[in-house]
Amino acid sequence: MSTSDDQAEPATQAEAATKGTEMAHPEPTAQQHHTAAAQRPGAHRTDAHRTDVGARRVLAVIPARGGSKGVPAKNLAEVGGVPLVSRAVRACRAARLVTHVAVSTDDSAIAAAARAAGAEIVERPDDIAGDLATSEAAVLHAMDTHEARHGHPVDAVLLVQCTSPFIAAEDIEGVTAAVVEGGADSALTVAAFHGFVWREGDPAEAQAESVTAAARTEAGAVRTDAGGARTEAGAHGVNHDKSFRPRRQDRPQDFLETGAAYAMDGPGFRKAGHRFFGRTEAVRTDPARVLEIDDPHDLARARALAPLLDTGSDTTAPAAPRPTRADIDAVVLDFDGTQTDDRVLVDSDGRELVAVHRGDGLGIAALRRDELKLLILSTEQNPVVAARAHKLKIPVLHGIDRKDLALRHWCEEQGIAPERVLYVGNDVNDLPCFGLVGWPVAVASAHDVVRGAARAVTSAPGGAGAIREIASWILGPSL
């Protein structure tokens, strides 16, 4: 099994710190589970409605750190045109028994993408965000944060990995049902496995670690090559005797842990501090959908398989609808690469010229007439930005290093709730603003990570009518 990106092995105790404040919760009374056998829940799945599960609170936690060595910005990588973190959120939200979905992250772009897909965001502290941090620590911290926010204990908790791109709602329902309906303490997704497993080295070594090298040499477990160098014994069978090859139907059924989804009784998980405890149920999934993304080759395979495996999938459900006038009170625009094509012409005297789109000017004028609050917010300190803002008759803040702080301050001054702001950007310096507003929008020519973090993406690139397109979303095609 892979242990990269939030797949590290068990935590030894619960992490209870939330933003520097220690939070203590009384140990809830163990929930009395139904004794009926868990059903295969696929027939009950619905994207819009969930079966009433009484007072039970089922929290799906998706750990998604920003750092990734194997695949940069892995959790925002698109498969089937959808960021990995968004695919996981959508699958969880479509699962019948899941009542809440949270993404634990230290990255503003991941947070923006997850929020746009409908997840609650849990900001992960630095002490559990490093390479050695365990998934269990992230889940326990998310449970604490969720309970503090909502005032209700979590009855069952899930760990769902967004690096398994083809996880389906029925997989999540299966492990959840095993715990909340079937009486299991913990559950995991598995796939039937029929292969013969081999391992190199001494087959007795695992049971006799204390045997000395000399004894192993004497027993023939360690030999030397022609040059006298020590070499390990040859390969041996792990799940079979290499001298006997039984037919597939005559062998015990083995299962491969998929790494996609785990479910745990909430109080039991707090006590154990590990995802496997008590009675653990293995929930079978489709082996064809088992794939974990750990390196660029895995990502390439996932993208090639997406057209075959995504048919009818909940992970590829349409993105959130485009905003209307009823959704927003203000529009804030980046300048370079958003209102321009990101190119700059410089004359012999060093003066800079940019190209803008007349259609964008018409769209901005229509938004202004409809009495929406407007602002241009730019990192560049450039007279051309101020000149364009003057021409459009809207205020401008330029030469801004921390655009998110400036945007927050502007919202406070204007009395506008950030969740009712539409922000248009194109590059990574716009991501902090994406995490602040309710409607982060990227132009078609934006950086891949920015498009992945956006709630909506224009069909037109920056400087080619993207702002006019957004105005038509808000005011209608005729403006």
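Modeller: There is one cavity of 30 Å³ or more, where a cavity is a set of points, on a 1 Å grid over the protein atoms alone, at which a 1.4 Å probe fits but cannot get out. Rolling a probe the size of a water molecule over the atoms shows where empty space is left. The model is a predicted one, in which local features need pLDDT of at least 70 and side-chain atom pairs count only at pLDDT 80 or more, while totals for chains, interfaces and linings use all residues. Residues are numbered from 1 along each chain as its sequence is written, and side-chain values use heavy atoms, with hydrogens and water left out.

The largest cavity has a volume of about 100 Å³; a volume is the space filled by probe spheres set on the points, which are joined across faces, edges and corners. Its lining (residues with an atom within 4 Å of a point) has 13 residues, and S164, T258, A260, R289 and V290 lie nearest the centre. Five of the lining residues are nonpolar, four polar and four charged. Here Ala, Val, Leu, Ile, Met, Phe, Trp, Tyr, Cys and Pro count as nonpolar, Asp, Glu, Lys and Arg as charged, and the others, Gly among them, as polar.

A pocket, by contrast, is an open set of points with protein on both sides within 12 Å along at least five of seven lines. The largest pocket has a volume of about 460 Å³. Of the 19 residues that line this pocket, S108, A111, R115, E123 and G435 lie nearest its centre. The lining comprises eleven charged, five nonpolar and three polar residues. At least two lining residues come from each of α2, β7 (120–123) and α10 (403–414); helices (H or I, at least four residues) and strands (E, at least two) are DSSP runs numbered from the N terminus.

Leaving aside residues up to four places away in sequence, V103 touches residues including I110, A114, E120 and V122, a contact being heavy atoms within 4.5 Å.
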